[in-house]
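Work through the exercises below with the sequence and coordinates open. Each task is followed by a stepwise solution.

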Amino acid sequence: MSGLGAFLRGLRVTGKVMVNTVFGDGLVTTKYPQEFRQKPQRFHGRHVLNRYPDGMEKCIGCELCAGACPARCIYVRGRDNPSDEPVSPGERYGYVYEINMLRCIFCGLCVEACPTEAITMTHLFEISTANRRDAIYTRQELLMRPDGSVPHMFPDDPLAQLAELDTADGWLRATAPSGVAAYEGVQAWQGTPGPASWAPEPTQDERDA
Amino acid sequence: MTDLTREGIKATVGEEMVKVTVDGQEFEAPKGQMLIQAAQNHGTYIPRFCWHPRMRPVGMCRMCLVEMETPKGRVLITACTNPVADGMVIDTKSEVAKKAQEGVLEFLLINHPLDCPVCDRGGECPLQDHTIAYGPGESRFVEEKRHFEKPIKISDLVYLDRERCILCARCTRFSDEVSGDPLIEFLDRGNFTQINTFPDQPFASYFSGNTVQICPVGALTSKAYRFRARPWDLVSIESTCPHCTTGDRITVQASQNEVLRFLGVDAEATNWSWLSDKCRFGFEFIESPDRLTSPMIRQEDGSFTEATWTEALELVASRFTEIRDAGKGLAVLGGARGTNEDAYALAKFAREVLSTNNIDCQLDDGLDPQFLAATADRARISDLDSARTILVWGPDLKEEHPTLYLRVRHAVQEKGARLVLIHPWRNGLDDRATHKLTYRPGSGAALLTRLQSEEGEVATALAEGPLVALLGRTGYGEDGRLAEAVAAHVRSLGGKLLPLARRSNVYGALDMGLAPSLAPGRATTDNPGKNAAQILEGLAEGSILGLLMVGSDPVRDVPNGELARQALEQARFVVALDQFLTDSSRLADVVLPVEGFAEKEGSVTNVEGRVQKVNRVVPGPGQSRPDWSILDDLSDRMGRSINLVSAEAIAKEIATEVPAYVGVTWDMLDAEKDGVVVPLPEATQPLVYLPADTPGKSFSGELVLHYARTMFDDGVLMRHGPSLEHLAPGAVAILNFDDARRLGLSDGDQADIKTSQGSARLTVRIDPSMNHGLVYVPFNQPGIPSLGSDPVVTVTKA
Amino acid sequence: MTYPLLVTKRMTDFPSDSHTLERYEATGGYKAARASVGMTRDQLVEAIKNSGLLGRGGAAFSAGLKWSFLAPARPAYLVVNADESEPGTFKDRQLLERDPHQLVEGIIITAIANEVHRAFVYVRGEYPKPARRVQKAIDEAYAEGYLGKGIFGSSYDLDVVVHLGAGAYICGEETALINSLEGLRGEPRLKPPYFPAAVGLYNKPTIVNNVETLSNLPHILNQGIDSYKGLGHEADTGTFLFSISGHVKKPGNYELPHGITWNELIFDIAGGMRRERRLKTWIPGGASAPWFVPSDHLELPITKDDTAKAGSMLGSGAVVVMDEATCVVRAAERIVRFFAHESCGQCTPCREGTSWLEMILRRIEAGQGREVDFDLLLDVSDNISIGLAWPPRMTTICPLGPSAVSPIISITKYFKGEIMTHIHDGGCPLPA
């Protein structure tokens, strides 16, 4: 191939986008905050601490999330579960749970480390604060309400998209069936078992269509 | 009985070396050593759960199966129960051995709950580690696991989760073989075998915490550490136990600047990884919310107000200077619980700044400082292992010197030493004693004279060496000079001595000169000052006006607590350096907060003269400061600077100035795992022993008081630890049935116990093992006034 | 065909009073004991060694050889293992109940041979009547001066104590028995030392012998070694008590010489199969032994060596016969359940493995078996008894764990089809 051919070929994408931007509506940027972009399934947003349907907390205070955290931004302390009024099933519950969102790199390792699927991530990402103290999320901010809804730090903020908190990030388990024909129609993208779940794996026909 | 019946597998390790081949590597090992140990010493780790180097093998877990070549082909043997033999050829990694090990792990895991995330052992669990290293990867077990009630409380300190238990018998062996309180055992059989206590009998052992440390899974967990942290967020630093004089090596573990756990370190010289519960769980005071965080000055109305360091130090300096310059008496009490560096600073401060020799780190409950510090023929703890005869004539070791108790027990039980036990009453070592003599406190000298003059089994036993004697005061009714007289006798027999005293660093403090008659380095002073009892009397009668208390609580700790209270109330000016407001520091005029154990670095000296390091793990609370820095500051303000700049600088000064400690630097202590035994200047320290028939205190009463300590009492460090504060047995008066009947008392009655120094109303307990004419009252129990050191006692029905 | 009787002769001839002292002495009792008082240890040990008497407790180890291993330390003890608890075995019970003096005489001879002055009879806890009979016999012997101070007028002292077990199969294992006797948990001790003759009861040299073994001793001394040997078959001297149970017409104890075939034993002596059903399989030597099947083993002579060569053992002589209506999975499950229940709990493979095997078998029997369970059974068994060989290569302290594996080895070897039918058809094909 001649040098010029390769050169033009390389510019093809650039040219296409340029034409689209100038003459069409193919803007690459969005007019945030008037417009919100649809986030990808696997988007890692703010964390949420889940509950079981009976209202029990899933967190058992095992500190595995803190151990897995590469930014060391999670601080957990466990305590003996009061037998008369248990907070979580089992012997132990997490009575201190803090995430320093300034340090968090949203890698999701805490979600993978969690043995009870207590901590998951949502799609909420507008979490900037005016002071450092507010960036430390405690159990109070992170924990799902008994009715299953997730508290928002600034619910009155015009930017607050409460629905994002109800959207769990997509989570590909090591054993996920995706790609194997036998799992056609089976839920593949495991929405982290937070407040939402995902559609099943599309069939080949659906994919082709 | 167990020691007899298991004799067959008690291997005696000899000198002779044999050639063994393990995994193709040939090496020499002492004949009789267990294969698992020999292999480990030469770099081959054989997996194990039940085997523990400090206990006899049981071969129960079967994890250490290896293949051995025999003329009949290869056989599987357990490496923990088979001693090495000449020409042994072992394969630890053959297909068969690996399959057997995998199989055992799979078997162990089929009934093991996978609650690792909430298990205290998770992260430091031998079962987890072995599963990863030797396990099959996945389980084929699809049935329901075995269930038991989740953790049951088997004592105030220990929880048992039988589901997690893998039945390795470590805890049962420990309590049977090592500590001598076989309170947990196997119940049922087969798949339903479980560890449990006997019905209605808690696991009330003084050593129960060790079972938590040696449990290879999370079946035994301690109340104090339960769910407090995970192993991976602990900072671990080695240090030396702050509770008794044995100098037990421990690992202090902290998370987020909070001390959460003590673990025993397997130090050959001292504690072999064992700790008493008082030591193991006696860390909670460090994080107590009652710790003093700022200087306090007492007001006219008796209340304390917080002050700045400047205010407080100015006040102290001016009042002390005033008393000193007026030529009135000043005195110092305490200093035996800190580091050698702080003790050195205190001795220097007292002699150079306060110009006094009225210094005592023992609180009228010990022995002569010369005897304690400068005994030339002092034994090492390890001498117990090679002793033919061991004489214990002193406090109940199990109550007051728990790790020494374990060492004596081991020497008698496993090494065949003979134990001569002399004590007024029942004693923790009774079941192992070859000869047990009881006597009434006060008549010890007569007993000693008899021992010296008469022929008999005991005299014969003592005459046959090597002899090691552990000597101290059996109780506070006992004259301290008796131990010296016994020491003279032991010395005449060629035996070695361990003189016993209380408070963790009392030997170090004496070596640094915290005694009326000793200068730093065990040198005698020309102009001895007053001892603790004389100081208190001096304060009470006004011949001494000022007192500096350093980590001491005379009101609770001196046998005659009433005298101490009067002394503190009468004193013109009292300063306390303390971590807490104690019954004594509450009476002080100024209380200065100090850094305590795990908050400062330094060295300490144990009963055998072994110097070891203590290390800083967490910062002190609030504005607390180390003792030396407070004393240095005061010395400046009092116009006679002692020029101390840091603990390490003091250590360097000690290493050049204090004769016995010359050359003992921190670098050396950090490098030597077991510390350094400081030289005993035999030639320069001739000791004058009292003749054996020196009478003790004379007494004429019908009843004699045996007033001695228990492991758990109302001491300030225990009072501020939630786990230990309830464990004090409480005050009772224990009498023989005949004496009780004569006094018209029956079990459970209230009685007034009265001595010349104090009185208390106590519940009477009748115990058939109590000698006639003897009343036992445990010392320093919550809410009970002290009875003093006069053994003459009257008991009347209340 | 009839065979001469030895240890059961008296009870056969005098079924009503064979246990009494009068009858015992009237039929030549205590003659051998009296004679042995004057004999030396060497003479007695040599005699028993030459007689070829093999231990009848299951291991078939030469009794004389065992005695000769006795360590020199004294006191030495004798323990009579009357803890007969192998499923299918009931011979000792008969000997204890019907001829206790024969045992007492055996004890006296053994005691003299081993310089023992204190003997213990450890009787199975579920045997109250035999224990009473033995106690009575001992009391009578004391009264006659055959036991106690200066037996038979000599200067030899001998005391015998009867101790009842507490219902544990494992206490039939000699070191567990010794533990139990000492008041400890009935758990086998570690080996080495391999023989209590070196270190045993209360840490002293100890001879542990079975009831039947001791019952043979008076006869050996009375009728002479050659005559005794003549009763047996080559190396297996003397007679042997078979306890035959199961689906035969005439179950019971039979005293027989070795060397006859299984065919003769099952079809002639035990009267053949009940309800004329076909023989399916039998256990040749107690629940721990691998099974035999008619196609391979019916014409095999019953000797120690032939049985061992065929991969099993005669053990304590318990023959359990099963007919074609027997479900082998259920039979194996019952045996494994027994061993799981009787495991002492010491060694991991036995404690966990036996109950796991029981669960798998129960699942297969209940129709919840999976294809993988067949291999799983074998592999779990392999982890208890490496290589599934006979005699077993153990991963445990004592042979109890590997014993539980025997029925599994047998059913997987001979009845794989039946197991697979269970798995595929969702349950047992045979009527309950």
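**Exercise 1.** How many bridges join strand 31 of chain B to strand 36 of chain B, and do the two run parallel or antiparallel?

*Solution.* The model is a predicted one. Step 1: locate strand 36 of chain B at residues 792-797. Step 2: count the bridges to strand 31 of chain B, which gives two. Step 3: read the direction, which is antiparallel. Step 4: pick out a partner; B:Leu703 is bridged to B:Val793.

**Exercise 2.** Find how strand 31 of chain B is joined to strand 35 of chain B.

*Solution.* Step 1: strand 35 of chain B covers residues 774-778. Step 2: five bridges link strand 31 of chain B with strand 35, and the two run parallel. Step 3: opposite B:Leu705 is B:Val775 of strand 35.

**Exercise 3.** Why is strand 31 of chain B largely enclosed by the rest of the structure?

*Solution.* Step 1: sort the residues by direction. B:Leu703, B:Leu705 and B:Tyr707 point one way, while B:Val704, B:His706 and B:Ala708 point the other way. Step 2: apply the burial criterion, 20 or more other C-beta atoms within 10 Å. Step 3: six of the six residues in 703-708 are buried, so the strand is largely enclosed.

**Exercise 4.** Describe how the chains touch.

*Solution.* Step 1: two pairs of chains touch, and the pair B and C has the most contacts. Step 2: chains A and C do not touch, with their nearest C-alpha atoms 22 Å apart. Step 3: nine residues of chain B contact 13 residues of chain A. Step 4: on this side of chain B, five residues are nonpolar, four are charged and none is polar.

Terms used: Residues are numbered from 1 along each chain as its sequence is written. Chains are lettered from A and ligands numbered from 1 in the order in which they are written. This is a predicted model: local features need pLDDT of at least 70, side-chain atom pairs count only at pLDDT 80 or more; totals for chains, interfaces and linings use all residues. Two residues are in contact if their C-beta atoms, placed from the backbone, lie within 7 Å. Ala, Val, Leu, Ile, Met, Phe, Trp, Tyr, Cys and Pro count as nonpolar, Asp, Glu, Lys and Arg as charged, and the others, Gly among them, as polar. A residue is buried if 20 or more other C-beta atoms lie within 10 Å of its own, exposed if 12 or fewer, and partly exposed in between; C-beta atoms are placed from the backbone. Helices (H or I, at least four residues) and strands (E, at least two) are DSSP runs, numbered from the N terminus. Two strands pair if DSSP finds at least two bridges between them.
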